[in-house]
Amino acid sequence: MADFGGEGIMLAGAGRALLLQLANPAVGRGVEEHSNFEGRPVNRLKGTLTYVYAIVYGTDEQVKEVRRRVNRAHVPVRRPDNADSPGYSAYDPELQLWVVATLYDTARTVIEKIYGPLDAGTADVMYRDYARLGTALQVPEGMWPEDRAAFGRYWDQQVATLQAGPAGIRVAHGLLYPKHTALWYRAIIPPARFLTAGFLPARIRQDFGLPWNDRRERRFNSTMRMLSLTYPRLPRGIRHGLKDYLLGELDKDIRRNSRSAKRQGVSA
């Protein structure tokens, strides 16, 4: 995990993980009602990646900071059942488990597309490290499937029963077909949308109305083969550049917060 966790190619699967999360109707409702995801998608992605990098690579101080951020963001994300729809809570361990599960399965999927199937030892280490992400997000330790075989059974059951609701579909459409974001973001969306569709299970792809056919499948497979030949040959500094940058930014935020707290303490 210490080798694969910081790979920039993980970004290729970001849309897959997000749409799988949104395919859970409770997650979709929570995001639609409590997030400005569509207006600030890059900030949300940056926050998720910073959390993952800090848990895997970070210092105790960095881990403490990202956990504080997650907890603060989750406080308002709750609503009781009403006549129109069931309620939800960001502290629901089942939903937290699903979010981390999408991150793990997406990371594994992307890495195996680029580097080929992992040997059992490496795969087990990667799996255990993603369990750490879950417990850091307050998933009870006993809820995380005990091994990769158990996870496979959990995953297949979840995907078989998923059906994206109207809220999740609306959020996903706003992200995949943005109208009010920076030009550079709109420019990268078509290839990102293509990769997202290619990585998704077929039925979930259909739920979100993403077009697919044999020609797109061949193009996707060709793209993955090309990336598997070129990406691993890039210098590690480039492949891990995003991770290093985001952890550096996290350190800057921690120092700014510390200085601000000291000033407030003195003025008090």
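**Salt bridges, rings and burial**

Glu249 is buried, with a relative accessible area of 18%; here buried means under 20%, exposed over 50%, and partly exposed in between, with a 1.4 Å probe and protein chains only. The structure is a predicted model, in which local features need pLDDT of at least 70 and side-chain atom pairs count only at pLDDT 80 or more, while totals for chains, interfaces and linings use all residues. Residues are numbered from 1 along each chain as its sequence is written, and side-chain values use heavy atoms, with hydrogens and water left out.

Back to Glu249: its partner in a salt bridge is Lys252, with the closest N and O atoms 3.2 Å apart (a side-chain nitrogen of Lys or Arg within 4 Å of a carboxyl oxygen of Asp or Glu). Lys252 is partly exposed, at 38% relative accessibility. Both residues belong to helix α13 (residues 241–267), where they sit 3 residues apart, about one turn of the helix. Helices are DSSP runs of H or I with at least four residues, strands are E runs with at least two, and both are numbered from the N terminus.

Two other salt bridges also sit within single helices. Arg108 and Asp105 meet at 2.9 Å, N to O, and they are 3 residues apart in helix α5 (residues 93–115), about one helical turn. Asp105 is buried at 4%, whereas Arg108 is partly exposed at 25%. In helix α10 (residues 202–207), Asp207 and Arg203 are 4 residues apart, again about one helical turn, and their side chains form a salt bridge at 3.9 Å. Asp207 comes out partly exposed at 22%, and Arg203 is partly exposed at 33%. An α-helix has 3.6 residues a turn, so residues three or four places apart point the same way. Over the whole structure, the search turns up 14 salt bridges. There is also a salt-bridge network that links Glu65, Arg68, Arg69, Asp253 and Arg256.

On to the rings. Phe, Tyr and Trp (six-membered ring) pair if their centres lie within 6.5 Å, with planes under 30 degrees apart called stacked, over 60 edge-to-face and the rest tilted. That rule gives 14 aromatic pairs. Phe194 and Phe220 make an edge-to-face pair, at 6.2 Å centre to centre and 70° between the planes. Phe194 lies in helix α9 (residues 183–199) and Phe220 in helix α11 (residues 214–230), so this pair ties together parts that are 26 residues apart in sequence. Phe194 is buried at 9%, and Phe220 is buried at 2%. Arg219 lies over the face of Phe194, 4.0 Å from the ring centre (the test wants NZ of Lys or CZ of Arg within 6 Å of the centre and within 35 degrees of the ring normal). Likewise, the charged end of Lys243 sits over the ring of Tyr57, 4.5 Å from its centre. Elsewhere, ring pairs join Trp98, Tyr104, Tyr127, Tyr130, Trp144, Phe151, Tyr154 and Trp155 into a cluster.

Some individual residues round out the picture. Arg239, in helix α12 (residues 236–239), is buried at 13%. Beyond its neighbours within four places in sequence, Arg239 is in contact (heavy atoms within 4.5 Å) with residues including Gly6, Glu7, Tyr115 and Tyr231. Met126, in helix α6 (residues 120–136), is buried at 1%; its C-alpha is 8.3 Å from that of Arg108, 18 residues away along the chain.

Overall, the protein chain has 13 helices and 2 strands, and 45% of its 268 residues count as buried.
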